[in-house]
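Hi,

Here is the structure I promised to pass on. Have a look at it first, and my notes come after.

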Amino acid sequence: MTTLVYFASGPDRPEYQELDFDRIFLIDNCFKDRRNYHKSIFTNGKVTCVGMDCLKSIEYLKNEGIKIDCFVSLNEGLFEGGGSYAINSDMFLGYAMPLFKEHYIHIMNNYYYHLNMYHVSMDLPYSTEAIKEDDVRYLSPFIFSKESYHKGHAKVFQMRRLDTANTEININPHIKLQVIHDSIWKYYDDLDMCAISILDQGQRDFFDRRPKVFNINGKSIDEVFDYCEMFKIKRIGFTPFGRGKYNGFLKKIEDLKNEYPKEILMFHLNKNDYKEIKQYAETKG
């Protein structure tokens, strides 16, 4: 069964019924407007309209067992349209990544280049191949948005999951330390705590409200490890932090005498993250 999900979609359109997908999900706050819609979640043919914030919709889609064959986000209405975060940011894509199939199509307009507050890199654990208009895989962005500014700027990519090996680092005989080129949210259920350092790109306190999430912005590593010891956190996952400086962090782990944590997993999306940790691993052979 093939599935397309369009985030910040705007209203339903009759032509979506003709698309070659078994299911289509439109995610947009507009469907919450009871003046126009009797329900915030409803189905019309193959299209399901979900009146929900895009971040909040990820849990809904997971519960529905959705795996995405085609991801669409062309204009989330930043500033003038009421959008508060970039759908194509590392922050959002990392959170949505558990829904992505190993191979999927990604349709976007990278208009963020002049919006410095949003970290939109498309530097993910996927290979990215631009699909041209004469390719059978091509799906025109103008199906989803008629705006003229998409011409020459909207892109269609074939995404393929990279086969990356985890890097295990022998630094403390009592602690298993690994670097994993993947989204921490794909491992969420297996972790006792997610130590995240995500800059506020408009998502406000969404992640702070998630169970098992510990926001380490403004906190020292000593505080994090003290928390692990206090609450017997066996398995902790980190996202990149500290502006790429990890020598002090490695020294803390090397000297750590605490009973907890037992396992530290360092997750990253961008390929060049954790350079210092990877260099340390190389010296250890």
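Below is what turned up, topic by topic.

Bear in mind that this is a predicted model: local features need pLDDT of at least 70, side-chain atom pairs count only at pLDDT 80 or more, and totals for chains, interfaces and linings use all residues. Residues are numbered from 1 along each chain as its sequence is written, and side-chain values use heavy atoms, without hydrogens and water.

Let's start with two helices (DSSP runs of H or I, at least four residues, numbered from the N terminus). The axes of α3 (residues 221-230) and α4 (residues 247-255) come within 11 Å and cross at roughly 35 degrees; axes here are lines fitted to C-alpha atoms over the stretch in contact, with angles from 0 to 180 degrees between N-to-C directions. Where do they meet? Ile-221, Asp-222 and Phe-225 in α3 touch Phe-249, Lys-252 and Ile-253 in α4, contact being heavy atoms within 4.5 Å.

Next, the aromatics. The whole structure has 27 aromatic pairs, meaning Phe, Tyr or Trp rings (for Trp, the six-membered one) with centres within 6.5 Å; planes under 30 degrees apart are stacked, over 60 edge-to-face and the rest tilted. One of them is Tyr-95 with Phe-206, edge-to-face at 5.4 Å centre to centre and 85 degrees between the planes. Tyr-95 sits in helix α2 (residues 90-96) and Phe-206 in the loop between β11 (193-196) and β12 (213-215), so this pair ties together parts that are 111 residues apart in sequence.

Cheers
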